[in-house]
Amino acid sequence: MNSSISSSEAAAQHDGARWRRFAVTLVVGTLAVLTGIVTLAYAVDPYDSGRSALFERPGVRPQGPRTANASRGRDPAFDAVVVGNSRIQLLAPERLNQATGLSFVQLAVPGSGPKEHMTLIDWYLRHRKAPPRALVVSVDDLWCTSDPNLANDKPFPFWLYSADPLDYARGLVRFDVLEELPLRLAYLFGKDPERARPDGYWDYEPEYAALGYMTNPEIRKRLAQKPYAAAERLERDPLEGRRRFPAAGRFREIAAALPAETALVLVMPPAYTNLQPPPGTEKAFQDQACKAAIVAAARQVHPRTAVVDWRVDRPENRNPDLFFDQMHYRLPIARLIERDVSAALRRLL
Amino acid sequence: MLFNSFIFLFAFLPVALLVHWLVERFKPDWRLPVLLGLSLLFYGYWDWRFVPLLVLSVMVNWLIAETFTRSGRDILIPLAVTANLVALAFFKYFNFFAELAALVPGIRPPHYDIALPLGISFFTFHHIMYLTDLKAGKAPRYDLVRYSLYIGFFPQVLAGPLVRWSEIMHQFDERPYQRPDAAERFARGLMLLVAGLAKKVFLGDQLADYTNPVYAAAQAGQALDMGQALQGALGFTFQVYFDFSGYTDMALGLALMFGIVLPQNFDAPYRATSLQDFWRRWHMTLSRFLRDYLYIALGGSRRGLAIQLAALTATMTLGGLWHGAGWTFIVWGALHGIGLSVAVLWRKAGYTMPSWLGWFLTFAFFVLTLTIFRSGSFEVAWNFYKGLFGFGAEGFTLKWRALAIGAAISMIGPTAWTVIHKLPPRPWIAALFVLLFVVVLFKIGDDANYEFIYFQF
């Protein structure tokens, strides 16, 4: 009986040792493989963020601006930048260059808000060796939020633009990066790989047109909607002097850090007339206060600031043929905004 | 903190395991207080304001149990059970009952938007199980630390499984890492955690992408074609299984790593060939609770057929209400009660059914009733049914790949629990789990990180 107990004990001990090895293999192996992949990703630098100097080929393969802008934003070829979302995306760097003599990069990211815009401005500024010549910032109504976190429900890779290497390394642990690594290696070692447009221009008219935004009566009907039709008219702003716009405070810090010679142009992008709150509505008071707060925040700390305000009542904003929907204008208006921005820059520079 | 988050997997879990191992090795007397402290830390990470509620709930129930043990006053236990249910009702059902009361002319009850403390549905039932058994003379007295840990042990505090005191209390007094199978338990627990994470992020969350847009369209009043409706209905059927059974695998795996065996909660429910069989395989610990503490208390099967059917329907209806404060949950539960009653009558009449037909009817019944459960309103459910039965929009658009994978794994494949408890400690198996774990971690890193469906109940 004793021998049977001792043999079962020996078996249990043997099993215990095997399971210990198994558990250690699983834990240590996971940590080793994870660390290995993150190290490889750091070295390969999947979005050409400049954190690794192993490979020399500039740029990234064609992809969305959320990730592609890491490469564009640090490109020394550009001494001027446009930042915003789809409501500034149609401004063509080439036309701005022709009109001003500067070299523009478009860092617009559709669906982004002030927090994303300021992150990209910070990224662009951090990667300048010489002071930038111009900064064109789209200030739409998303800047008027009272949320101090400037939250946006759409994802944005803040980790990619972080100044903290650990933050970046943690951000590399995502499935998108696993998928990107082989594509990145193919881009780096391919003979003549397709490259994302360096200046970030994207004319989205053909996409919108293909979706029926100019022809589908159901979609066109949306332009006629009047979201403020029932809004109460007030004599004065019920929250006069008490409105807070956290984006203005954050932007003041960015404007204060700009070199004095950099021209700053704030563009309030157009909205179709029905989307603009009629005077006397609470939304109109909020909009006025917001514009004033952001312009004041910039001008107080950076005098070389100009404003191009298209969020106003003007004939173009009443012409439905110039809009896809209530907030997205078409190329003819883009050309006019380019003209206004160029004129403002010529005055400032 | 979610089990499928970096803060849990890379910070809380390693620190908790290390601290637990140290005290188990060098200060075994501290093990339970340390586990309790870790559990409160875990619970408080969600929202520290709920910690006092959990502590108060434990203290009050424990003091009542103490008083009952000393005085023997029977009335204390029904009072405590009622108080627990009132607390649950206040946090979970206040507005629902207020809206019902508002239907009575002249009554204008207040409306409070109260945050639902996580896990309250689960820890309330834990109190009830213990107190009921204490009154029946089945459960002994426990000290405050042990009782607190029974209620608040972190792997099970948020969404179960519902553990009987008799299943867990004796384990608290063990030296888990002194057992000969300690390493095996730890390794199997880790594998269960990885398998649960994989089920959640590769299957549950992928199916959410199939399901959510269809339900959003139905909620917006859009007509669904038959393919879309099938995609939504089947998608949620598989999603809820992988989400909840994945969560349970994680909970069981984590508990095992801390030396505690928790009860199984799922046993391939989509292979069930009758509704009764289904409820023996689906959320098994809730079914067991409802049977032992509600159905039998309401009369059970020994007082005649009429009482049996009434008890069955009432039990399932209340089980439905437990899932959420809404008529859709109540109707879902009631339908299952009626379905089970019909099955009882069928059996009593001596009829039989081929198992394939039983499986088909059971699965179809679950899918169709789950649509009400998920819809949130009868209008949305009706919109879904119109689509499912060909009275919705024209056409047939169905994304089927994840559905096919979900169906194959849930219906044909063995459960993660079964597989993992048979695996030998071979290096190549460890290597496979390393790869799976790493890919899961990269998946967790993505921006879309979904919470578990059962946290809301």
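Predicted model: local features only at pLDDT ≥ 70, side-chain atom pairs only at ≥ 80, totals over all residues.

Q: Which residues form the nonpolar patch on the surface?
A: That patch is made by A:V24, A:V27, A:V28, A:L31 and B:F10. Together they have about 410 Å² of accessible area.

Q: And which helix gives the largest share of it?
A: Helix α1 of chain A, residues 2–44, with 4 residues.

Q: Switching to chain B: at what angle do the axes of α5 and α6 cross?
A: Roughly 135°, and the axes come within 9 Å. Since angles over 145 would count as roughly antiparallel, α5(B) is therefore oblique to α6(B).

Q: Which residues make that contact?
A: From α5(B), B:F123, B:H126, B:H127, B:M129 and B:Y130; from α6(B), B:Y147, B:Y150 and B:I151.

Q: How many of those are nonpolar, polar or charged?
A: The contact of α5(B) with α6(B) has 6 nonpolar residues, 2 polar and no charged.

Q: Last topic, B:V34. Where does it lie?
A: B:V34 sits in helix α2 of chain B, residues 31–46.

Q: What is B:V34 in contact with, leaving aside neighbours within four places in sequence?
A: B:V19 and B:V23.

Q: How far apart are B:V34 and B:V58?
A: They are 17 Å apart in space, C-alpha to C-alpha, and 24 residues apart in sequence.

Note on methods
Residues numbered from 1 in each chain as written. Chains lettered and ligands numbered in written order. Heavy atoms only, no water. Patch = residues over 30% accessible without salt bridge, like charges linked within 9 Å, V, L, I, M, F, W, Y side chains within 5 Å. Areas by Shrake-Rupley, 256 points an atom, 1.4 Å probe, with all protein chains shown as cover. Salt bridge = Lys/Arg side-chain N within 4 Å of Asp/Glu carboxyl O. Helix = DSSP H or I, 4+ residues; strand = E, 2+ residues; numbered from the N terminus. Axes fitted to C-alpha atoms, helices over the stretch in contact; angles between N-to-C directions. Parallel < 35°, antiparallel > 145°, perpendicular 65-115°, else oblique. Contact = heavy atoms within 4.5 Å. Nonpolar A, V, L, I, M, F, W, Y, C, P; charged D, E, K, R; others polar.
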